[in-house]
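Here is a briefing on one structure, for reading beside the coordinates. It goes topic by topic.

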Amino acid sequence: MATHGTAAGTRQKPGLGRVLHDTRYVFWREMLLPLRDPFSLVFSLLQPLVFLGLFGPLLGAAVGAPAFGGQSTLQWFLPGVVVMIALFGTSMTGSNLQYELMTGSYERILATPLSRSSLMIGRALKEWAPLVVQGLLIALVCIPFGFVFYPLHVLFGLVILGIFGIGLGALSYALALVSQNKEWIFWGVQQTLLFPLMILSGIMLPIEAGPAWMQTASLFNPLTYLVNAERELFAGSVGTDTLLGLLAASVTAAVGLAVGVKAISRNIR
Amino acid sequence: MIHTDKLAKTFTVKKETVEAVKGVDIDVAPGELVAFLGPNGAGKSTTLRMLTTLLTPTSGTARVAGVDVTADPAGVRARIGYIGQGNGGGHSFRVIDELVMQGRFYGMNSVDALARARELLQSLDLADLAKRTVVKLSGGQRRRMDVALGLMHSPQLLFLDEPSTGMDPQNRANLWEHIMRMREEHGTTIVLTTHYMDEADSMSERVIIIDHGRIIADDTAARLKANLAGDLLAVEVAAASAAGVRGLLGRAAAGGEVTENSYDGVVRFRLRLPEGARLAPALLLEMHDAGAPAQSLELKPPTLDDVFLELTGRNLREGANR
């Protein structure tokens with residue numbers, strides 16, 4: 001329901017310290033779910049391995065080595081898988097919220113002093129957190145198959161994905177709010193956007209192998225810069241791609257949080 | 001504890017403007033127990049949501065627990081407790097985890113939060129269910145958990161939105177017992193909305209009747225009933241002597257309607273008598289003196305439903321759409 005808000009501009013903005021403090025508790029509450037039911041974590045750890053094991057060999061055989069800029073297929077593909085997990089995970093942030101919107105638990109938490117942005121950041125980071133374990137695990141598993149592991153670079157890459165995940169998670173959160181009572185809209189929009197974004201970023205197949213219009217379209221996709229940054233970092237170097245990726249992630253986070261905070265204050269019945 | 005000045009809320013639904021709350025002035029002193037009573041859609045919950053900062057007022061001002069709701073909503077939220085219409089516990093979470101996290105959200109440390117959670121679970125008869133997931137609780141247990149969530153940080157002011165809707169009488173009584181005990185122990189100020197008139201009547205000291213977004217009455221339930229409704233009196237006299245008291249009863253009703261039915265040689269008069277319990281004995285004597293002694297008498301105290309009917313011409317249950 002749309003509302004006339006008047007005094008929004010006069011509201012006190014919570015400081016960064018407050019947001020970080022609150023985020024910690026929102027994150028911790030969400031983390032209690034997988035921690036109390038650790039079996040769900042096992043599956044989320046296995047999924048990327050299955051994907052990597054089945055899709056990786058096909059990719060190398062179908063596209064051929066020259067498209068990967070001289071890297072091994074694995075070295076090229078693994079960062080893409082990590083970005084993909086981040087994409088799937090954090091874009092689901094709103095789906096867990098949908099259950100809480102149906103009961104009163106979203107409203108109950110809204111009535112606490114928690115800052116609005118911490119509600120989104122905490123939830124988005126919960127979707128991102130398993131990625132740290134997943135990312136490191138698949139990197140380790142791939143070492144025997146010729147993958148060269150640069151731990152610090154990979155960690156930095158995961159941090160960039162976390163920043164991006166906050167933005168995407170906040171957008172997903174906002175989407176869940178606007179599609180309240182019409183849950184199918186959430187899934188429709190999420191799925192419709194996810195696949196073009198993914199394909200146009202060169203996660204699964206090198207975009208350089210595609211037609212010119214696809215390459216142009218990929219330039220407007222923040223995910224492209226993110227994937228390039230991850231590839232550079234996973235290859236053990238820090239350069240322009242990393243900076244552009246960090247920038248794309250930061251812009252996504254800023255836009256996502258702005259949209260999300262607006263959605264929270266507009267959407268309350 | 002609460003002071004509002006022309007607090008109003010306008011919604012736009014499908015390009016149509018709906019004035020949900022049309023400028024209400026409310027003052028609540030510390031320690032009061034106040035009920036907002038009105039039919040569904042009257043604006044009670046919208047008012048409550050503005051006071052709890054869940055909605056931004058369209059115009060007007062409100063200070064809650066000393067803090068302005070538009071200038072510092074987080075400050076208001078830190079000082080109040082809110083128990084909404086729905087169930088506050090997340091389905092897949094454990095009861096104790098939700099309570100402890102709720103305490104953390106309000107800035108309690110983990111030791112205090114755990115101690116407080118255990119204390120509340122004990123006093124709300126939920127101690128055995130601490131490690132149960134919320135989805136496995138019964139309706140009554142969930143509602144008690146909602147109360148526990150709302151009381152975690154021991155707020156000085158507690159808002160309850162339709163606290164007992166959908167509960168069976170036993171669970172309702174149980175819930176109220178807990179709320180009243182908390183109030184006795186901590187002097188908590190309580191503001192609730194309800195469309196159960198008996199709940200407003202028996203539980204609260206002060207009733208604010210809201211209809212079509214406006215406050216139409218604000219007083220103790222006893223005074224509202226005495227001033228606006230009056231007791232319902234039914235007396236029976238022998239048919240032969242009925243003519244002798246018709247005028248007398250008409251005057252007693254002070255302009256109100258007097259209805260009569262006759263059956264088996266008896267006429268039954270029904271009328272509203274303000275302060276009926278005090279006036280009825282004298283009326284009986286007068287009837288006796290007029291040669292028409294009452295053969296039976298029934299005196300029914302008014303309900304808040306009668307008050308609402310008197311104020312609006314509608315029954316509370318008919319809703320706000322007329």
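Two residues count as in contact if their C-beta atoms, placed from the backbone, lie within 7 Å. The model is predicted. Chain A is described by 11 helices and one strand.

**T53(B) and its surroundings**

- T53(B) sits in the loop that links α1 (44–51) to β5 (59–64) of chain B.
- Beyond its neighbours within four places in sequence, T53(B) contacts V69(B), P73(B), V76(B) and R77(B).
- Is T53(B) buried or exposed? T53(B) is buried, because 27 other C-beta atoms lie within 10 Å and 20 or more are enough to count as buried.
- F11(B) is 42 residues from T53(B) along the chain, and their C-alpha atoms are separated by 16 Å.

**Strand pairing around β5(B)**

- β5(B) pairs with strand β1 (residues 2–13) of chain B in the antiparallel sense, over four bridges.
- In that region, I2(B) stands opposite V64(B) of β5(B).
- β5(B) also pairs with strand β6 (residues 67–68) of chain B, again antiparallel. Two bridges hold this pairing in the count.
- Here R63(B) stands opposite D68(B) in β6(B).
- The hairpin of β5(B) and β6(B) has two residues between the strands.

- Most residues other than glycine have a negative phi.
- A65(B) has a positive phi of about 50° although it is not a glycine. A65(B) lies in the loop between β5 and β6 of chain B.
- How exposed is A65(B)? A65(B) is partly exposed, because it has 19 other C-beta atoms within 10 Å, and buried residues need 20 or more.
- E162(B) also has a positive phi, near 45°, and is a residue other than glycine. Its place is the loop between β8 (157–161) and α6 (169–186) of chain B.
- E162(B) counts as buried, because it has 21 C-beta neighbours inside 10 Å.
- A254(B) follows α9(B) and has a positive phi, near 50°.

**Helix α9(B), side by side**

- Which residues of helix α9 (residues 242–252) of chain B are buried? V245(B), L249(B) and A252(B) are buried.
- These residues lie on the same side of α9(B), because they cover an arc of only 50° around the axis.
- An α-helix has 3.6 residues a turn, so residues three or four places apart point the same way.
- G247(B) and R251(B) are exposed, on the other side of α9(B).
- The cover over the buried residues of α9(B) includes β12 (231–238), β14 (266–273) and α10 (276–289) of chain B.

**Helix pair α5(B) and α6(B)**

- Two packed helices are described by the angle between their axes and the distance between the axes.
- Helix α5 (residues 139–151) of chain B packs on α6(B) at an angle of about 15°, with axes 10 Å apart.
- α5(B) and α6(B) are therefore roughly parallel to each other, since angles under 35 degrees count as such.
- Their crossing is right-handed.
- From α5(B), G140(B), R143(B), R144(B), V147(B) and L151(B) take part. They meet N171(B), L175(B), H178(B), I179(B) and M182(B) of α6(B).

**Chain A**

- The elements of chain A run β-α-α-α-α-α-α-α-α-α-α-α from the N terminus on.
- Of its 269 residues, 42% count as buried.
- Among contacts in chain A between residues at least 6 apart in sequence, 79% join residues at least 24 apart.
- Helix α3 (residues 73–91) of chain A packs against helix α6 (residues 116–142) of chain A at about 160°, with their axes 9 Å apart.
- That angle makes α3(A) roughly antiparallel to α6(A), because angles over 145 degrees count as roughly antiparallel.
- α3(A) passes α6(A) in a right-handed crossing.
- Residues of α3(A) in this packing include L74(A), L78(A), V81(A) and I85(A). Those they meet in α6(A) include W128(A), L131(A), G135(A) and I138(A).

Technical notes:
Residues are numbered from 1 along each chain as its sequence is written. Chains are lettered from A and ligands numbered from 1 in the order in which they are written. This is a predicted model: local features need pLDDT of at least 70, side-chain atom pairs count only at pLDDT 80 or more; totals for chains, interfaces and linings use all residues. A residue is buried if 20 or more other C-beta atoms lie within 10 Å of its own, exposed if 12 or fewer, and partly exposed in between; C-beta atoms are placed from the backbone. Two strands pair if DSSP finds at least two bridges between them. The arc is that of the directions from the helix axis to the C-beta atoms. Axes are lines fitted to C-alpha atoms, for helices over the stretch in contact, and angles run from 0 to 180 degrees between N-to-C directions. Angles under 35 degrees count as roughly parallel, over 145 as roughly antiparallel, 65 to 115 as roughly perpendicular and the rest as oblique. A crossing is left-handed if the near helix is turned anticlockwise from the far one by less than a right angle, and right-handed if clockwise.
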